[in-house]
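I opened the model to look up its strands, its core and its pockets. My entries follow in the order in which I looked.

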Amino acid sequence: MAKAEAVKKEVAPKAAPKKEKAAAAPKELKTYGTGRRKDAVARVWVKRGNGKITVNGKSFETYFARPVLRMIINQPFAAIERVGNFDIECTVCGGGLSGQAGAVRLGISRALDEYDTVFHKALRSGGFLTRDSRVVERKKYGHKKARRSFQFSKR
């Protein structure tokens with residue numbers, strides 16, 4: 001028995017001396033949120049900044065030319081009263097411009113909620129964290145469109 005204990009003591013790995021970590025500068029907090037609307041999917045990254053928004057490598061003023069779409073994207077910031085405090089970088093694919101703007105809004109809201117949970121109540125009460133599940137209804141056979149039938153003639 002004494003030999004077995006001696007072997008165990010020899011085999012046991014030696015603890016490596018702990019290295020002291022250098023005080024590194026705090027990393028820039030960058031949070032992610034995914035937004036979907038109709039057929040559009042947006043991947044959104046939010047970080048502290050001065051209000052610069054880029055969509056697919058372009059400024060959001062050129063990508064979303066209509067003022068209504070830009071207003072939709074800025075709604076979450078107005079709800080939390082932090083307009084111009086965050087930089088947004090997002091990639092959007094699928095759908096049209098209206099669906100893409102809605103997807104970006106949901107992605108921004110989710111990323112802001114993850115950034116700081118203080119924003120959750122304002123975003124939830126504004127309805128920005130709820131995914132709009134409405135999608136285009138499929139066309140049925142024997143019909144012109146999803147619900148529109150061909151004209152019926154009795155005689």
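Entry 1, Phe86. I listed the contacts of Phe86 (contact means heavy atoms within 4.5 Å). Leaving aside neighbours within four places in sequence, Phe86 touches Val46, Lys47, Arg48, Gly49, Gly51, Lys52, Phe77, Ile80, Leu112, Tyr115 and Phe119.

Note on the source. This is a predicted model, in which local features need pLDDT of at least 70 and side-chain atom pairs count only at pLDDT 80 or more, while totals for chains, interfaces and linings use all residues. Residues are numbered from 1 along each chain as its sequence is written, and side-chain values use heavy atoms, with hydrogens and water left out.

I took a nonpolar core as a set of buried Ala, Val, Leu, Ile, Met, Phe, Trp, Tyr and Cys residues joined through side-chain atoms within 4.5 Å. Buried is under 20% relative accessible area, exposed over 50%, and partly exposed in between (1.4 Å probe, protein chains only). The largest such core has 29 residues, and Phe64, Phe86 and Leu112 touch the most other members. Two or more residues each come from S2, strand S3 (53–55), helix H2 (60–63), helix H3 (67–80), strand S5 (86–93) and H4. H4 gives the most, seven residues. Helices (H or I, at least four residues) and strands (E, at least two) are DSSP runs numbered from the N terminus.

I checked two residues here. Ala101 lies in H4 and counts as buried because its relative accessibility is 0%. Beyond four places in sequence, Ala101 contacts Phe64, Leu69, Ile72 and Ile73. Its C-alpha atom is 9.4 Å from that of Val68, 33 residues apart along the chain. Gln100 is also in H4 and, at 6% relative accessibility, counts as buried. With neighbours within four places again left aside, Gln100 contacts Ala40, Tyr63, Phe64, Val92, Cys93, Gly94 and Gly95.

In what order do the five strands of the open sheet run? I read S1-S2-S5-S3-S4, with mixed pairing; two strands pair if DSSP finds at least two bridges between them. S1 and strand S4 (58–59) are at the edges with a single partner strand each, so one side of each has no neighbour in the sheet. S1 and S2 (residues 40–48) are antiparallel over eight bridges, with Tyr32 opposite Trp45 in S2. The hairpin of S1 and S2 has two residues between the strands, and Lys38 takes a positive phi near 55° there. S2 and S5 also pair in the antiparallel sense over eight bridges, and Arg43 stands opposite Thr91 in S5.

I used a 1 Å grid over the protein atoms alone: a pocket is an open set of points where a 1.4 Å probe fits, with protein on both sides within 12 Å along at least five of seven lines, and lining residues have an atom within 4 Å of a point. The largest pocket is lined by 13 residues, and Arg37, Gly102, Arg105, Thr130 and Asp132 lie nearest its centre. Strand S1 (30–37) and helix H4 (97–115) are the elements that give two or more residues to this lining. The largest share, four residues, comes from H4.

I counted five helices and five strands. Buried residues make up 28% of the 155 residues.
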